[in-house]
There are 2 protein chains.
Amino acid sequence: MFLGCQFSIYPMSSDFIGVILHAIRALDRYKDRLEIATDDLSTTLIGPPEALFPALKESFIAAAEAGGHVVMNVSLSRGCPGEPDDPRCRTDQVRARNVAGEADPVAAALGHMQRVPPSGVKTAAQIALYPLGRIDYMDQIGACIAFTKRAGVFAKGKHFCTKLAGDAADVFQAIEQSFLGFGAPEDHVVLTAVVSKGSPSAA
Amino acid sequence: MFLGCQFSIYPMSSDFIGVILHAIRALDRYKDRLEIATDDLSTTLIGPPEALFPALKESFIAAAEAGGHVVMNVSLSRGCPGEPDDPRCRTDQVRARNVAGEADPVAAALGHMQRVPPSGVKTAAQIALYPLGRIDYMDQIGACIAFTKRAGVFAKGKHFCTKLAGDAADVFQAIEQSFLGFGAPEDHVVLTAVVSKGSPSAA
């Protein structure tokens with residue numbers, strides 16, 4: 001199993017360097033559990049979801065502390081057949097939280113959502129799920145969209161993606177469950193997400 | 001056929017509103033050929049590739065004119081079975097530039113690349129191709145990566161994506177050929193790209 005993401009923080013501010021460095025420093029406490037590498041385009045995180053998702057959320061919230069408009073762009077991937085099995089990525093969380101084989105996957109996915117303390121950061125987001133290498137992938141996408149509608153974070157459908165809104169804690173939890181839950185545990189699944197805070201265009 | 005994208009411009013500047021509005025105004029001359037809709041997260045473009053790709057490139061270059069560090073994030077999609085057939089999207093370009101059935105798809109894709117006038121904007125980018133609903137999708141991804149290596153824009157492989165570098169005109173042309181060329185013409189294909197200019201972290 002290989003699991004990880006590429007993510008970037010875009011602070012709409014002339015002090016963007018300071019904000020990005022602050023957001024990357026928030027990853028420091030995950031250094032023993034995640035491979036972390038940053039270049040001029042993005043930061044790579046490799047490791048188990050139980051470390052990766054808290055790291056992503058805390059990095060976003062650190063960036064949000066600067067105020068103003070900040071966006072996180074993330075491409076998550078699990079099970080890519082072109083990547084080696086990595087002991088760091090071994091986890092029971094994909095299997096434990098996966099709902100692809102359930103009779104009612106939406107209800108099962110909702111059952112994995114926990115009451116999480118709010119972050120106080122109001123966000124808008126959009127996500128797209130890509131379960132690769134399977135003919136019936138649209139069923140998985142449909143179930144994932146139905147899940148977001150009942151998880152309290154759905155804002156609206158858009159072409160090519162689903163718009164979410166809510167506290168960052170709820171939005172990141174819905175992203176995590178969407179990524180782990182849909183597409184079989186052994187599938188190659190990609191989820192792209194844009195999470196935004198403080199846009200002056202927000203309704 | 002339904003073809004389009006969601007894209008966003010992220011100017012790392014406190015004058016981000018002015019830069020974004022300038023980049024969106026660059027789309028005006030495509031209004032009769034593309035459906036264009038902007039919300040707080042992204043701009044939707046729907047229409048044929050022969051209008052969509054020039055629009056994307058011109059919007060990025062307009063944003064780059066402001067100086068400093070600017071990123072475009074784009075998710076392109078064609079052939080999504082959940083979208084209606086749209087007369088605006090009808091084009092012979094997907095079939096004409098597709099190479100998925102060729103004996104040597106890399107050479108065929110290179111044959112579709114044209115000498116384009118440089119924009120003068122130096123970029124770094126990373127792309128990922130997702131041909132959906134087919135078991136052998138990794139072959140298409142492998143051929144696309146091999147194409148970027150020979151198209152003169154390859155920078156390096158990264159986990160989950162391929163890093164490109166070069167003049168914006170060459171990078172956008174390689175993105176267009178990757179998106180139209182790989183995965184069969186009737187497939188549902190997604191390509192995500194981040195195109196960056198002016199990062200202070202660039203080598």
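**Close-ups of a two-chain predicted model**

Residues are numbered from 1 along each chain as its sequence is written, while chains are lettered from A and ligands numbered from 1 in the order in which they are written.

**View 1. Where chain B meets chain A.** The contact draws 47 residues from chain B and 47 residues from chain A (two residues are in contact if their C-beta atoms, placed from the backbone, lie within 7 Å). On chain B, the elements that each supply at least two residues to the side touching chain A include strand S1 (3-11), helix H1 (16-25), strand S4 (70-78) and helix H5 (137-150). Helices (H or I, at least four residues) and strands (E, at least two) are DSSP runs, numbered from the N terminus. That side of chain B splits into 23 nonpolar, 19 polar and five charged residues. Here Ala, Val, Leu, Ile, Met, Phe, Trp, Tyr, Cys and Pro count as nonpolar, Asp, Glu, Lys and Arg as charged, and the others, Gly among them, as polar.

**View 2. How the two chains are related.**

**View 3. The open sheet of chain B.** Eight strands line up in the order S2-S3-S1-S4-S8-S5-S7-S6, with antiparallel pairing (two strands pair if DSSP finds at least two bridges between them). Strand S2 (35-38) and strand S6 (154-158) of chain B sit at the edges with a single partner strand each, so one side of each has no neighbour in the sheet. From one strand to the next, the twist averages 20°. H5(B) packs on the sheet, touching S5, S6 and S7 of chain B, and its direction makes about 160° with that of S5(B). Helix H6 (residues 168-181) of chain B lies across S4, S5, S7 and S8 of chain B, at about 140° to S7(B). For these angles, axes are lines fitted to C-alpha atoms, for helices over the stretch in contact, and values run from 0 to 180 degrees between N-to-C directions.

**View 4. Strand S4(B), covered on both faces.** Nine of the nine residues of S4(B) are buried, so the strand is largely enclosed by the rest of the structure. Buried means 20 or more other C-beta atoms within 10 Å of a residue's own (exposed is 12 or fewer, partly exposed is in between), with C-beta atoms placed from the backbone. One side carries B:Val70, B:Met72, B:Val74, B:Leu76 and B:Arg78, and the other B:Val71, B:Asn73, B:Ser75 and B:Ser77. Nine bridges tie S4(B) to S1(B), antiparallel, with B:Gly4 opposite B:Ser77 and B:Pro11 opposite B:Val70. S4(B) also pairs with S8(B) over nine antiparallel bridges, and there B:Leu76 faces B:Leu191.

**View 5. A:Phe182 in its loop.** A:Phe182 belongs to the loop between helix H6 (168-181) and strand S8 (188-197) of chain A. A:Phe182 is buried, with 27 other C-beta atoms within 10 Å. Its contacts, leaving out residues up to four places away in sequence, are A:Ala100, A:Leu129, A:Pro131, A:Gln140, A:Ala143 and A:Cys144.

Technical notes:
This is a predicted model: local features need pLDDT of at least 70, side-chain atom pairs count only at pLDDT 80 or more; totals for chains, interfaces and linings use all residues.
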